[in-house]
Each structure stands twice: as structure tokens, then as C-alpha cells.
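The following exercises concern the way two protein chains meet. Please study the sequence and the structure before reading the worked solutions.

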2 protein chains.
Amino acid sequence: MSVAIKDFKDNVGKSVTIQGWMFNKRSSGKVAFLELRDGSGETQGVVVQVSSEAFKIAQELNLEASVEVTGTVSRHPKFKDKFELQVFAIKVFQNPTEEYPIGKKEHGPEFLLDNRHLWLRSRRQAAIQKIRHTAMYSIMDFFDKRGFTRIDAPIFTPNACEGTTTLFSVDYFDEGKAYLSQSGQLYQEAAIFGLGKVYDFGPVFRAEKSKTRRHLTEFWMMDAEMAFHDQKMNMDVQEAMFVYIVEKVLEKNMPELVVLERNVEELQRVKGPFHHIKHKDAWKKLADAGFAPRENDDFGADEEIALANMFDRPVFVENYPAGVKAFYMKRDPSDDSRVLCADMLLPGYGEVIGGSQREDDYNILLGCIKDHGLKESDFSWYLDLRKYGSVPHSGFGIGLERMVTWLCALPHVRESIPFPRLINRLRP
Amino acid sequence: MSVAIKDFKDNVGKSVTIQGWMFNKRSSGKVAFLELRDGSGETQGVVVQVSSEAFKIAQELNLEASVEVTGTVSRHPKFKDKFELQVFAIKVFQNPTEEYPIGKKEHGPEFLLDNRHLWLRSRRQAAIQKIRHTAMYSIMDFFDKRGFTRIDAPIFTPNACEGTTTLFSVDYFDEGKAYLSQSGQLYQEAAIFGLGKVYDFGPVFRAEKSKTRRHLTEFWMMDAEMAFHDQKMNMDVQEAMFVYIVEKVLEKNMPELVVLERNVEELQRVKGPFHHIKHKDAWKKLADAGFAPRENDDFGADEEIALANMFDRPVFVENYPAGVKAFYMKRDPSDDSRVLCADMLLPGYGEVIGGSQREDDYNILLGCIKDHGLKESDFSWYLDLRKYGSVPHSGFGIGLERMVTWLCALPHVRESIPFPRLINRLRP
């Protein structure tokens, strides 16, 4: 009977066949121990009969050999939740003749990235991708359960909304240049009028010449938008969503978190209510911690992390100065210099979610567009949304890779995506 | 109490408040009937008290006015599953002063596409998007339940694998040109070695100068890939997935199918086992129907539809000639001129899924690459997968918009995606 390694717990004592790869081997001369994976899990195959055909095959197997192994599932003698396979037959699909490039020795990041197609097989990289899967799936599940409709935003967009310096462009037939989207938000706003609550989830692109631990040229972004939601309700949805994601990762990916040596307590602390602080007050806290206060500025990377680390759970930093935020954010009625927005910061990491209430007044929005030096004609369709039944609405965006980087506590965002694209990396 | 219109059935006799838009109005002088939507559903608001403030407001409302309406939920006098709102208060967010551009009169497709940001509010367009949502979600749900890991493929790819004529390109820093992906399949193949069963789901791009009912320049594609699956197992997964999608649409979207006047019986017929026919035999059937047989050619659009319509359910057309298919497909061991593949055709529509077993032998694959005039160096990473533990594997791709077009029985693929991109359309 062919089974997945993850289902060994239900097959103790039974004779089963697995199909997978041998990624490690120890042999004492009398016993061969084969470390096997099949994509669902890992196990140890034990081959004891020195005179058997299986033992002979086991002796000859090289790293990454693809095999079909038949044996009896047994409990690991020492570890309660571990199982082994007492092997009696091995069929070989391919025993590699060339040495597997990613051996036990340490490799530099450039070598590993050059071999990303092989590196993805490693225990750690597979664990990251499984956690990424859970994060993506639980976001979609969360929205599906709450009556959101998915509205994929276009990648090809006609205007360079905020200057062309960080945009990739393509020649688009007779229409001139098309730019690759940096956010689907404006399109989500259009969709709420027919569907109430919507989200998108797709790749976005940034041609930024930044080479930091937080930058990719291509990454996945989720934008949600909700009619009749003010900024308070908006933050409540974000909190509920984030708690749900972390819950699901803890529920489904404990083995992967162990592989990654993730501090699980930090994840278990992610429970509502999250902290809230006004941008103004955040600068006061930073000043107390020795930073030079710049009440009307955005935070730098160091300041953001220092601030995030002052809290034991995620924190919403609210009401940034209008000047440092996008044109579409609604002004705070109690202080016209600030907007009804919040960035959500994570301890040890910084910002992962940005959200705001949107300006819903036609004339004020038009003024904001002009103030930001944007062309009215480029936004005529967006302005239409404030002409025909405008409503209070808000939304937010979450960068998937930044979230995965935090969930897995990775040193660099590049491991959070299957095939990272950086300014100097386009392959494999 | 604020409720969603879809939940009226649970609130009969109760006083509730809804927030939404008025998209139609009838008034007899004594009674005003307001047709209201909130994104979750539609209802009729009945205002009877001529002397009331609510009646006065109702009289003045223009199409697409955004409102908060309070009243009592009642059963529709004639229709069992319909509910109304006996209105006693209306609060207006915005009563449009300009006439809503999409009125009751017929509009041409170009006008509607120019106003896609408003057109999406229409009952029919919202219904399509809800069905698209169900299709996407149920695909992801299907794979999640079966232990697949999502592996997003990159959009930026380094090589123009099969010529550059249908590829969009961007300038990529010092790396030269990057091409926008047409398929994530090759990347999925790399990922099975660590994760066993994987899928991607993202936008792909085709710079084809085709202006047909079936072409978009940007559309969503799902690619699945499975280690240790032969072509037979591959088709079984496709069938199970497709049955699941249709089941979910029938379960969740009956109101939308009614709006679209979809022939539901055609969907209900989608049950396994699907039909199977060899490509060779399909040509014989076509010959019987009067088509000129071209046993070693692909089908034209007319032939494909004629063939699909010979079956009452989806049909797998198997074993195409190698010459009309991609280089990576595994040759049929019993007939070297054909490959282990199948396209799945839908009655009334044609192809929506293409799948195959992949060539897993290094030398044969290298030969195929050369035979197709491709550069070995462009595929060195892909060839690596056949060097280090190669396994039999197969997979398939499904075009989301084609599937949605069929599910909704749309005349043109352009309505199946929120913001369609065609060779002459890049906005809004």
C-alpha cells in the first residue's frame, strides 16, 4: 500500500510503500540508515539484513537518489511522535552519478540562489514554503468566510501614478507604455460599489535599486477594501486576520517551525487586542529612547524597529502626517495635517500592513491629487467613484513576503519566496 | 442592528439597518419601491407612509445613491425565498447630482469597457465575479485538502523559451531583458523534489496580436505538478478538481447562475468519469462529421468545439502528435511519434486544461530541447532536475478566465476578469 510519510502514525505495524528521495545516509556495516523525504514528511529507513538485496542497494545509493521503498512502519525507539520504516525492498528510479551540488558543507548565498531549483529541496527551504502556503491559504480562507469577493487587480496599468522611477514598463502595442502594477488598491476601491467587501492577492513590482534585507523586485501583495468601514473597523479586520494567520501557522506548521528554530512563544503572544499608539506619541517614546524626535516625518528603518520592539505584540501606529502618506488617505477631521491611517508593526521586524480610510469626498480628493502633482485625467475613473454614490470606506495591504519573513524569523526576505527576484538576480 | 441583505432570511420581523446603493426605483405616488444592493445581495425597500420623511427622501433619490436604510424585514408576498424591507428611515451618504452613465439603455461593449470601474456594479458583472471567486477558492481549497503546497512561480523570467514574438519584455537593471512569464510549469517541476505535490496560481502574459473571443493579454493560470504521478493519475486529479469546482459553484452561486441565465443542467452533468478519446480517434470522429482529417495536426478552433460537442460531459483528448506539443512532454512508449498528454475539452467551449507526463530522462529531454531549437544553456537548471533523483511526474495547467467564461456561459472572455487587458485596451 502506497502511503505518504506524514500518515505513518496511522500505519504502525503495517507494510507500506513510499516514494521519495534519500537525502542522507549512515551505515555501520551491519545496519544502513536512510533518511528519506517524500514532500509530505521525512522518515528514517532502517535496513538490517546485510545479506539482502535491499542492503546492497542501500549501500550504493547516492544523495538525492529517487526511490520506492517498501517496509513496515514502526515507532522510533526514543521519540514518541517519530516513526521509522523497517525496510525490506528498495526500487531505484535514479541513483545520481554526479555528486549533488548542495552537500553538507556551508554554501554562500549566491551559490544557493544560483541553485535555487535544488536548494528548495532542503529541509529548511521546504519548511519556509509550507508556512508561506499556510499564510496565503489562511488569508484567502479568512476573507472567504467573511463574505469578501476576490477581485484580481490588473498587472498592466496605464499611468505612472507616482513617477516612473520605481516602475517597470513594457511596450504595449499601440497604447504606448504599460507599467507593472505596484498595488491593486485603486481597483479594489472600484469593486466595493458592486461587491461590498473585496480583496486581491497577486504579484506587484518595484524597480527600486535597493539592495536590502527587505527588498524584492517582485513580491506578492494582498489588498483588501471594505465599503462602510471606517478606520477603526479597518484595524479590527486587520487584527482578526493577523491573529487567524498566526493561529493557523501554529496549528498546521509546528514541525516546520521546529525546523526553523522559530521562537514559538513570540507567535503565541499574537492575540488581540493589539496595541495602538498615535504617530505623534510614538515619536515621544522614541525620544525617550534617545532618538531625535521628528514628529512630522516618517520613521527610518532603525526607528521603526526600535518602536516595534517596545511592544510585546503587534502595534498599530495611527495618524501619520498627511505629507508622508499617499494622496488617497482621508484627513483626520480633528487635525487636518494628519490622515486616518495606521501601519501595523511587528516586534523584531517593523511594518507589514499599511491601511487607511480613503478620502470619499470628490472635491477634497481632487485637491489631494493636484497637491501631489498628479494628473487629474489619469484619475478620472477613480474620481468617478466619489461621484456616483460615494461611501465611507477603508482598506489595507499586506506584503506576503515580509509576513513570511517574520513568521519564519528569516534573516533576509529572499528565502520567503520560491524564486526570488532581486536587482541582480533573474535566474533560475 | 446592521445586517447584510443576504442574512434577511434570519431576520424576518426584525428591525434592521442596511448600507448600500439604490440601483432602481419605482414609485406609484403612494408607495415607493427602492431596489437596493449592498454587495452581499439585493432587496426591495418599500416606503408606504406618504407623509414620512423617508418617503420624501425616497422621492428625491437618484440612481446609485448611497444610503443607510432602516426598516423591518418581511417576506415577499409572492416569492418564497425573497424578502423585503418595510422602510421607516433613510439616511443618505451621497445622492448623485450627475446622471449615472450606465442607464437602462443598451450600451456597446467599448463604452462598457471604458466604464469598467462602474460596469462592475451591474448585477450581471457582479455575479460573474462571485463565480470567479468560487472557482479560484475551490481550486485552492481542493489542493490544500490534498496536501499540495503552493509555490508561486516568478513573473520575471530570464529566457525567451519559445521565441520572443508573444512575450512582453522589460529592461531589468544590468541583467538585460526580463520576459513576463507565460507559464509557471517549469518552476513547479523544480519544486516537487522538495514538496511532492505543488501548484501555482498567478497572472501570465501573452503579447499575441489576436483579437478573438478567447484572448486576453493578461490572464490567470493555475499550474499543478505531482511527483510519482503518471498521465493516468494526472487526469484523475484533473477530473476530481473540475468536478469539485463545478459542485462548489452549484452549491454557492445558484443566485448568480440564475442572474446569468446559465443552463444549470449542463453544469449538473459534470460528474466523473469523464470521457476519454485518443487524438487519432478524435480525428476519425471529426471525419465522420465532415471535417477533413489531419491526424498529425492540432485541432483548429471549429474542430475543437465540434469535437467537444460530441460529448455530454468533459472529454480528455489523449496522445497528441509530439510535433504540435511542447518539448517537455514524455513520449508515448508505445508510439514514439506521440506524447503522453491530454487536453480537456468542455462541451460548447473547447480546451480549458492541458496536461502531460513530463520527460524525466536527461538525455531524451536534452534531445527534445535541441530538436525544438532551444538553447541548452537556457535550460541547464531544468535539466538538473533529471540529474539528481529524477522521477516520473506529470502536471497540468488550467486557464481561469476560460473556465469562468464556460461556467458563466459568457460570449466573450473579457467579462470573466475584473479589469480585462486586450491588445487595444489598457484602461481603466
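Copies are superposed by least squares on the C-alpha atoms of residues with pLDDT of at least 70 in both. The model is predicted: local features need pLDDT of at least 70, side-chain atom pairs count only at pLDDT 80 or more, and totals for chains, interfaces and linings use all residues. Residues are numbered from 1 along each chain as its sequence is written, chains are lettered from A and ligands numbered from 1 in the order in which they are written, and side-chain values use heavy atoms, without hydrogens and water.

**Exercise 1.** Determine the relation between chain B and chain A.

*Solution.* In chain B, the residue that comes closest to the rotation axis is Val170(B), at 2.7 Å (C-alpha).

**Exercise 2.** Describe the extent of the interface of chain B and chain A.

*Solution.* Begin with contacts (heavy atoms within 4.5 Å): 94 residues of chain B touch 94 residues of chain A. Next, take the buried area, the accessible area (1.4 Å probe) that two parts lose on being put together, summed over both. Here it is about 8,000 Å², and carbon and sulfur atoms give 64% of it. In chain B, the most area is lost by Phe173(B), Tyr388(B) and Leu426(B), together 10% of what that side buries.

**Exercise 3.** Find the salt bridges across the interface.

*Solution.* Apply the rule: a side-chain nitrogen of Lys or Arg within 4 Å of a carboxyl oxygen of Asp or Glu. The rule finds 6 salt bridges, including one between Asp144(B) and Lys252(A) (3.8 Å, N to O).
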